[in-house]
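Hi there,

Here is the structure I promised to pass on. Could you have a look when you get a moment?

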Amino acid sequence: MIVPIFTLRFNHKIFAGLTTVGLYDGKHPCLTCATTAGKILVHNPHARFNEGGRISAGTESDVHLLNIGQQITALTAGALNSNVNKDFLVAGTQTSILAYDVDQNADLFYKDVADGVNVAVVGQLGQIDCPIAVVGGNCSIQGFDYEGNDLFWTVTGDNVRAMALCDFTRDNEQELIVGSDDYDIRVFKKDELVSEMTETEAVTCLCPMSGSKFGYSLANGTVGVYDKTTRYWRIKSKNQVVSIFNYDLDGDGVVELITGWSNGKVDARNDRTGEVMFKDNFPSSIAGIIKADYRMDGQQELICCSINGEVRGYLPMEQSGGTTAPTTEKDVFRELSLKKQNLLTELKNYEKNVKAHKLPVGLEKSEIDGTPVGLIPANTQLLVTLDVSPGDANIQPHIVLHISTSNDTILRAIIIFAEGIFKGESHVVHPSPQNVSNKLDVRIFPQKDGVVDLHIKALVGYKSSVQFHTFEMTRQIPRFTLYIVAPDDTPEPKSSVVFHITERINRVVMWINQNFLLQKEIEAEDELNVKLICLRENTPLFVNMEPNQNGKITIKTDNMDLAGDIIQGLTTFLGIEDLQVTADFPDYLGYLRSVLEKVDEYHSTSEKLTAEMADHSNLIRSLIVRAEDARIMGDMLNMKRGYMELNTVNRDLISQYSIRCNNHTELLSNLKIVNQTIQKAGRLRVGKSKTQVIAACRAAIKSNNISSLFKIIKAGSS
Amino acid sequence: MDPLFLANSYFRRRRFDDCVELCNKVLQKNPYEQAFWYLKARALTEQVYVDEVDYDEEGIAEMLMDDNAIAKVARPGTSFNKPTTSSGGPSPSVRPTTQSGRPLSGFLRPGTQGGRPGTMEQAIRTPRTAHTARPVTSASGRYVRLGTASMLSQPDGPFINVARLNLSKYASRPNLSKVLFEYLFHHENDIRSALELAALTTEACQFKDWWWKVQLGKCYYRLGLLREAEKQFKSALNMIDMVDTFLYLAKVYVRLDQPQKALEVFNKGIEVFPGESTLLTGIARIYEGINDLTSAVKYYKSVLHHDNTHVEAIACIATNHFYSDQPEIALRFFRRLLQMGVYNTQLFNNLGLCCFYAQQYDMTLNCFERALQLASDEEMDDVWYNLGHVALGIGDMTVAYQCFKLSLTSNNNHAESYNNLGVLELRKANNEQARAFFQSAASLGSHMYEPHYNFSVLAEKSGDLHSSYVSVNKALTSFTDHIESRNLLSQLKEHFAAL
């Protein structure tokens with residue numbers, strides 16, 4: 001337990017997740033938080049009024065507000081200009097990003113960002129020479145240098161929620177880790193996607209730890225640590241994670257993961273085990289955690305802010321050689337004695353078992369030494385099979401998990417633990433006592449394609465048993481589950497993807513058999529022809545391979561995502577590093593064309609509406625001044641008239657505002673579709689071709705060249 | 001003579017009324033005569049044309065209700081808002097301040113007069129008492145007047161019915177769109193339609209015409225959409241470097257209260273157009289705004305180096321010399337102004353003061369006489385006030401008293417005169433009278449520290465320590481480093497501690 005070394009209290013609310021610290025004059029750290037009414041609070045206790053010789057009194061005089069005028073959605077600070085040794089503030093709103101020099105009261109740059117700014121980080125990325133401000137919006141990621149030049153652009157599958165810079169591949173270059181609403185954590189090396197991890201909920205926070213480790217948190221209250229693509233640990237809480245940060249709190253040279261929770265708790269966890277090492281409680285939810293040398297004494301403090309404006313700073317725990325050794329010894333001792341305890345219990349059980357077997361047959365086996373035990377035959381086995389069911393009018397298509405025992409023992413209950421397919425990650429089946437049997441079916445409704453590990457625990461015994469045996473087993477659901485072989489008269493899908501690979505047909509067949517949950521294994525000699533139906537959307541999927549024609553593979557489906565998934569899976573399996581395809585999605589492109597037209601329309605409407613609103617607000621302002629003037633002059637009649645007029649204009653303005661709001665949301669959703677299409681077009685390719693496609697699409701959209709965009713999506717280049 | 005030739009000739013000779021009349025005649029016969037339509041629109045625009053660059057009027061509403069500035073309390077020297085916090089400026093005890101708390105400049109220009117008032121009442125009352133006619137908003141005020149005046153002169157209705165214009169048709173005709181835009185912008189003052197036309201036209205020319213981008217920026221600026229304006233100006237500058245565009249962009253930053261960024265823009269402009277006097281003046285004005293007078297004068301001098309008839313630069317340098325105790329040099333600059341044909345009260349008034357402080361007494365009164373002859377009613381008060389100063393300087397209290405009284409007759413709200421009258425009354429030991437003068441001076445000129453300090457001294461002498469304490473604090477808020485006030489304050493604190 002450690003006590004804070006300083007506490008501050010601002011009389012301002014602080015928005016969750018929007019805190020940062022910056023050395024705006026190159027020397028003095030300033031705590032910076034977003035607060036209500038589109039304002040940013042900058043606390044600068046060090047460099048105030050050195051010139052004026054005024055003495056600051058209390059915290060309030062050290063706080064000054066910056067007015068952004070729009071709700072702030074992202075806030076960060078960093079040395080954006082490597083020529084100048086100071087930090088710049090980067091503030092994002094729903095429509096723009098502002099990089100601001102706090103010290104000089106001057107903009108660095110201001111840019112409109114149509115996709116909005118959900119999160120921003122500043123730092124060196126990959127091989128780009130200068131530090132950039134990376135901005136994550138709706139499905140897109142942009143990077144700006146200090147002059148506001150657009151140096152980096154790529155797309156992700158969904159709205160970006162969290163970003164972090166971390167040396168993921170251990171090559172002394174920073175990679176960008178992006179967490180998004182579609183439960184994925186993606187790692188970009190420059191604009192190339194290096195790896196992808198799927199989580200169980202929307203990713204809310206990411207933070208770099210030491211080396212290639214990074215911490216993450218999810219919207220369902222999970223927090224954990226990854227090292228590269230392996231997860232070290234994770235824990236789940238019913239509270240929400242607001243902020244995570246890395247800080248070496250116990251002074252052992254390895255950073256801990258500090259987590260701020262929505263119930264006001266702050267805890268530090270070991271990066272390897274997730275063990276809690278320190279805890280503190282705030283009266284209100286945490287808003288942000290950062291570290292800075294805030295007392296200017298050369299030591300970095302951990303600083304936690306709550307949403308009510310309370311700030312506490314902590315120093316690392318005192319650690320001397322004398323105190324560490326006994327604690328380690330004690331820990332080891334405790335661990336060993338726990339092990340001993342477990343082994344003793346296990347031994348006891350074996351002894352009982354032996355006793356039971358020694359008893360004469362026919363005697364009641366349920367009681368030994370006065371304690372009931374549930375004995376079952378030693379050769380009892382648990383059988384688990386997976387099956388696809390097309391469902392009916394009431395039940396959606398699903399996977400059926402058949403679980404049965406090999407003899408007359410019954411299944412009392414089943415606990416399945418799997419990520420992402422159940423609400424709350426686990427599923428318990430506990431039939432009523434009359435219905436217990438040696439068979440149980442569990443329905444699983446996977447929402448999307450993906451590999452899932454099922455950890456099954458079954459309680460096995462006899463009907464009259466009081467104690468049950470637990471059987472544990474793990475089963476993997478293959479990637480593509482809800483597919484069945486299509487009847488012969490299925491119409492052929494209009495869209496297709498064609499590419500060539502130099503691989504034997506058996507390998508492709510093997511991949512299909514491994515990744516699809518099909519009743520019968522597919523076999524093919526010299527030509528592969530698989531016709532499937534996706535049960536989820538009831539759309540056909542045809543896969544065709546002709547080894548005679550240079551290994552030409554044709555995937556016919558109207559679902560661009562599915563085609564992308566298949567290509568990504570297949571190429572990873574076959575170890576293909578670069579693949580260019582010809583994609584033909586006439587329906588989808590038609591849809592995209594209409595979306596692009598709509599985007600244009602919405603853009604021009606919003607321009608018009610903005611001008612109109614500005615005009616109206618000018619009118620309102622003059623009306624207010626006139627009415628107030630009349631009031632001061634005591635001319636009540638005119639004042640009343642003025643305010644009446646004001647009322648009508650105001651009403652107009654409000655209705656206009658709602659129109660504008662609708663327009664904006666529509667625009668955003670359409671832009672999102674465009675970005676997602678680019679992402680999908682990228683997923684149809686692999687390696688360098690993928691990066692090229694995304695960059696070319698971006699260029700086409702920037703120059704408003706729709707026909708070339710379509711060509712790029714089709715052929716991979718313009 | 002060919003009517004088109006004649007109309008053109010009228011236009012070039014700036015006889016716009018004749019030109020319009022001639023065009024009207026032709027247009028009555030044939031309303032689709034494009035050349036005449038074009039000429040008439042241009043003539044009407046020229047009549048009311050004001051250069052947008054030098055035109056910046058922040059209305060009461062904008063001043064009070066707009067929050068364009070990012071930093072509320074910026075570091076000294078980085079904001080126009082709180083100029084007195086900057087160090088290095090002249091002391092208010094040497095160089096008097098204007099209402100905004102800024103030292104008196106040599107040149108009156110829009111946007112230099114007002115500080116940000118605290119309340120609506122203060123904001124509305126200030127223009128009534130001070131000699132400023134601040135418009136209600138920048139969208140009303142002079143803009144509207146320009147727009148409506150022209151309508152009256154046309155008995156048969158407006159020349160172009162804006163509501164019925166098909167703007168997209170004009171957008172595709174570059175020969176007409178520009179003149180129509182200028183007409184809408186300057187003459188009709190219908191910024192919204194002008195903006196729409198500009199937006200359509202830029203689209204029609206595929207965003208390749210910098211001129212339209214600048215016009216879009218102008219429209220956005222007028223509508224108060226500063227960020228949009230900034231974007232347009234920047235994009236125009238990317239295509240071609242123009243002095244105007246630099247000036248507009250800097251104006252946007254001034255409005256956003258970012259002097260450093262504005263300076264950056266000007267400096268960039270100067271790299272492209274070295275020695276451009278408008279850009280240099282802009283820099284000097286900004287330095288003046290953030291109270292860095294040394295740099296301001298440096299830039300005014302470089303303006304003069306490139307353009308030796310620049311009135312603003314001469315006047316500002318002269319004022320600076322005058323207040324830095326070099327009236328002889330100031331006199332030379334003022335005389336230069338006189339040579340250049342500036343012939344008004346203010347100049348003679350300043351000349352008179354310079355002569356007085358340079359001990360050329362023979363000229364002093366002559367100059368003031370000339371100033372009084374030229375003065376209109378509004379300017380009379382300042383001349384009499386300055387004459388009062390001269391009288392004080394030669395020790396003639398009676399004349400001084402009368403001068404200040406005369407100043408008050410022409411302007412009943414002249415705070416400085418009240419203050420000085422108070423001092424004179426105090427000398428005569430009419431404490432009650434003096435007190436009343438100080439109080440009215442303080443209430444009229446809230447930006448001045450003198451009446452507060454004087455009142456405080458008076459109250460302290462009469463034993464009213466509390467009022468003294470309140471007033472001295474007020475004096476210190478408008479002039480933080482005033483030594484006498486500080487001494488008085490510490491003295492008062494000692495008194496209170498003793499109690």
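Below are some notes on confidence, a sheet in chain A and a residue in chain B.

First, please keep in mind that this is a predicted model. Chain A has a mean pLDDT of 83, with 93% of its residues at 70 or more. Where pLDDT is low, the predicted coordinates should not be read in detail.

Now to the sheet. Chain A has an open sheet of four strands, in the order S1-S28-S27-S26 and with antiparallel pairing. Its edges are strand S1 (6–9) and strand S26 (286–292), each of which pairs on one side only. On average, neighbouring strands in this sheet are turned by 15° against each other, direction ignored. Strand S26 of chain A is joined by six bridges to the antiparallel strand S27 (residues 301–306). A:Ile289 has A:Cys304, in S27 of chain A, as its bridge partner.

In chain B, have a look at B:Leu421, which sits in helix H22 (residues 415–427). Is B:Leu421 buried or exposed? With a relative accessible area of 0%, B:Leu421 counts as buried. Beyond its neighbours within four places in sequence, B:Leu421 is in contact with B:Tyr401, B:Phe404, B:Lys405, B:Leu408 and B:Phe437. The C-alpha atoms of B:Leu421 and B:Gly388 are 9.9 Å apart, while the two residues are 33 apart in sequence.

Best wishes

Conventions:
Residues are numbered from 1 along each chain as its sequence is written. Chains are lettered from A and ligands numbered from 1 in the order in which they are written. This is a predicted model: local features need pLDDT of at least 70, side-chain atom pairs count only at pLDDT 80 or more; totals for chains, interfaces and linings use all residues. Side-chain values use heavy atoms; hydrogens and water are left out. pLDDT is the predictor's confidence in each residue, from 0 to 100. Helices (H or I, at least four residues) and strands (E, at least two) are DSSP runs, numbered from the N terminus. Buried means under 20% relative accessible area, exposed over 50%, partly exposed in between (1.4 Å probe, protein chains only). Contact means heavy atoms within 4.5 Å. Two strands pair if DSSP finds at least two bridges between them. Axes are lines fitted to C-alpha atoms, for helices over the stretch in contact, and angles run from 0 to 180 degrees between N-to-C directions.
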